[in-house]
Amino acid sequence: MNNHSRIVFHTIFAFVCIWIMGCGGCNPEPVPSGMSPTEGPETGNTTVTITGEKFDVKNGVTVTFGGKEGSNVTVTEATELTVLTPAGTAGESVDVIITNKGKPEVPVSLSQQFTYTDATPPTVISTDPEDGTVFSEYEDSLNVLDTLSVSFSEAVDVDTVSIDVSVAKTEDSLSEPAEPIVPGTVSGSGDTVTFTSEVPMRCGRMYTVTVSGATDMAKNALENAYSFSFSITSPEKLNSYRVRDEDLQDGNGEVALKRIASRPEIYDNEALWERLVAGNQDDYIFDRTNLKVNQHLWIKRGRAWGDQ
């Protein structure tokens, strides 16, 4: 009996060893050798083909990218499989690990990494002035501001950014804009772009800004044009005024008088410059060709002067 038991034991043991050895051979470790493509958008869903040997056709394979499991893994044969990448972070390169599902499961890293590329277009996150801003305080009614800025969610190529500024009169303005569009130039770096107007933005105007065409460093373009607006109220009308340095910046005499007459707080119309002459020449020795800084001027108004 003892000999018989020993024989039975050794026979069973031999079968177990053979089975274990055979099972080990049934599910060898995968041997990945290549991957294409090696990069794709951060949004995921890139179809990646992985080649190699000993992929588990029967039980299937799992593939992870930076610890996130890919989807729709298809083992077409023991030497090739395809997988859809999960979403990732732009600019990040992650390890790719392949595991045969049959027992034992042994994860194997691919020698290549997968790199996620930027697929997100830039967006406008802030503007200066902010949308809806109403300026009611300023030092010079003809030159309230000459720049505005736009900040994006990421760095953009300034050469691709278009900024158009249209202008219209406000309800309290006495005059229409000379031109409907404000000319200017676009500059900047990183995530902020600046528009500098060739003609200062003044009182009694509403400005509407449209931003378009901006692309980031990965060539992703702003999906939709972005618009915002701001306005500058007109000042109260004055009955007297003192000449300022800026009134003489372009010249004296008629040039200066036209600039003063065009001020919203004066006549808002440079064509009325001669009224300044007529309204002041009888009150004191008034040299229309040589105005002085701080010189006092009367601003004549009313029906007697042709006002309605």
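Two strands are taken to pair if DSSP finds at least two bridges between them. Strands (E, at least two residues) and helices (H or I, at least four) are DSSP runs, numbered from the N terminus. In this predicted model, V211 stands opposite Y226 in β17. Local features need pLDDT of at least 70 and side-chain atom pairs count only at pLDDT 80 or more, while totals for chains, interfaces and linings use all residues. Residues are numbered from 1 along each chain as its sequence is written, and side-chain values use heavy atoms, with hydrogens and water left out.

**Mixed sheet**

- Four strands in the order β11-β17-β16-β13 make an open sheet with mixed pairing.
- β11 (133-135) and β13 (162-169) are the edge strands, each with a single partner, so one side of each has no neighbour in the sheet.
- Neighbouring strands here are turned by 20° against each other on average, direction ignored; axes are lines fitted to C-alpha atoms, and angles run from 0 to 180 degrees between N-to-C directions.
- β16 and β17 (residues 226-232) run antiparallel and are joined by seven bridges.

- Four bridges link β6 to β7 (residues 80-84) in the antiparallel sense, and V75 stands opposite L81 in β7.

**Largest pocket**

- The largest pocket has a volume of about 460 Å³. A pocket is an open set of points on a 1 Å grid over the protein atoms alone, where a 1.4 Å probe fits, with protein on both sides within 12 Å along at least five of seven lines; lining residues have an atom within 4 Å of a point. Points are joined across faces, edges and corners, and the volume is the space filled by probe spheres set on them.
- This pocket is lined by 22 residues, of which L142, K258, R259, S262 and E270 are the closest to its centre.
- β15 (192-201) and α2 (254-261) are the elements that give two or more residues to this lining; α2 gives the most, with three.
- The lining has six nonpolar, five polar and 11 charged residues, where Ala, Val, Leu, Ile, Met, Phe, Trp, Tyr, Cys and Pro count as nonpolar, Asp, Glu, Lys and Arg as charged, and the others, Gly among them, as polar.

**Second largest pocket**

- The second largest pocket has a volume of about 260 Å³.
- Its lining includes V167, P177, I181, R202 and Y207.
- β15 and β16 (205-212) are the elements that give this lining two or more residues.
- Nine nonpolar, no polar and three charged residues make up this lining.
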